[in-house]
Amino acid sequence: MTGGLILITMTGPDRPGVLATMSEQIAATRGAQIRDIEMTVTQRQMVLTLLLDLSAESASHKPLVKDLLFSAKELGLHLDFTVVDAVQTPSSRGPLYVVTLLAAEISAAGLAAVAQVLVQNQANIERISRLTQGGLRCVELLVSAGDHLNLRQLKRELLQVGSGLQLDVAVQRESLYRRAKRLVVMDMDSTLIQIEVIDELARLAGAGAAVARITEQAMNGELDFRQSLQQRVAHLKGLSVAALEEVYRNIPFTPGARELVRILKRLGFRTAVISGGFGFFTQRLQQELGLDYAYANELEMIDGQLTGRTLGPVIDGEAKARLLEQIAASEGLSLDQVIAIGDGANDLPMLGRAGLGIAFNAKARVREQADTHISQPGLDSILFLLGLSERELAEIVS
């Protein structure tokens, strides 16, 4: 018997030599060609899939399948085969997307909810990979969908189901640029560090409550940022440089921030902090962490005390976006190669310009508008969105 495409599926205990044995038998059959192959191992249980092309006149279907069945039995494997009509190429599947799930522990309910949304949007899961070791904390789905897919709607629906299940879901178009990110731009307050610096300064100046109210309004987009900055800085008049030093000495870094920067640097990324806060702090963070760029507002000081005013141009939301573009251009990068991370309304413009904009533990308005929202405590969880596994990350830091 000759002709046809045969899909071979083998399952059973993983062991060395399975592929060697099977491919040697296929190679010994004149005219037989392997057109597709995939293998996965979960808890030492293997699934090997081979698409064989036996369309050549010399290729015999029956003897080859018989030999493969015999070898599979000797190896303790179960073998199934199916005759298929045609080879499915990537171009015929439509666009591919990567859906990343993050949680303290991904539940069956979370997987079911995400899978149901994908079904409703006529998207098909083609591959599932676990990126964490030990617990099921990060899973990556490779999803195919036709040109009909409304990506914004899909993201919105996944965000809704995820928020009710304490599950973060990020969606990215699978492309060369997803794996070619080279610049990460971060906000400072409540992103790279866990506090709002201006609130700490205001507390030392005895104006903590008043400034905190203005900060909250500004970060939620209820108040113009330039106006809010002017109002807040005015409350700091008379504060000494020593007070600024005290705040910096006690700055709590966001969990995973140091690890994120260290890994990014080892992978050859350029890093930047662009803040609506103050250069006194971003410059020190740049030096301590080894960041490549740092931009922020400048506080006016006279005789070692703050005057209650700023110097130079204000770094508001649009300025953040412009600076992101300038850095990318100076590094010879496209915006698709940029990741931006922030939590406030003034971060939305730069999140929108970057190839991947991430709202990190963000305010409600920002979560709703950003393409990707992460609520994990560790800033280094963002590395999973690059497709890096926990095992790979361990190799990088070792």
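## Contacts of D187

In this predicted model, D187 touches L192, V273, I274, S275, K320, I341, G342, D343, D347 and M350, leaving aside residues up to four places away in sequence; contact means heavy atoms within 4.5 Å. The side chains of D187 and T191 are joined by a polar contact of 3.3 Å. A polar contact is a pair of N or O atoms within 3.5 Å; within protein, one must be able to donate a hydrogen and the other to accept it, and residues adjacent in sequence count only if both atoms are side-chain atoms.

D187 is located in the loop between strand 9 (183–186) and helix 6 (188–192). Helices (H or I, at least four residues) and strands (E, at least two) are DSSP runs, numbered from the N terminus. D187 is buried because its relative accessible area is 5%, buried meaning under 20%, exposed over 50% and partly exposed in between (1.4 Å probe, protein chains only).

## D189 and the annotation

D189 belongs to helix 6 and is buried, at a relative accessible area of 7%. With residues up to four places away in sequence not counted, D189 touches I195, E196, V197, S275, G277 and D343.

UniProt, in an unreviewed entry, lists D187 and D189 for "active site". UniProt positions follow the numbering used here, feature names are shortened, and annotations may be inferred rather than shown by experiment.

## Basis of the values

Residues are numbered from 1 along each chain as its sequence is written. The model is predicted, so local features need pLDDT of at least 70 and side-chain atom pairs count only at pLDDT 80 or more, while totals for chains, interfaces and linings use all residues; side-chain values use heavy atoms, with hydrogens and water left out.
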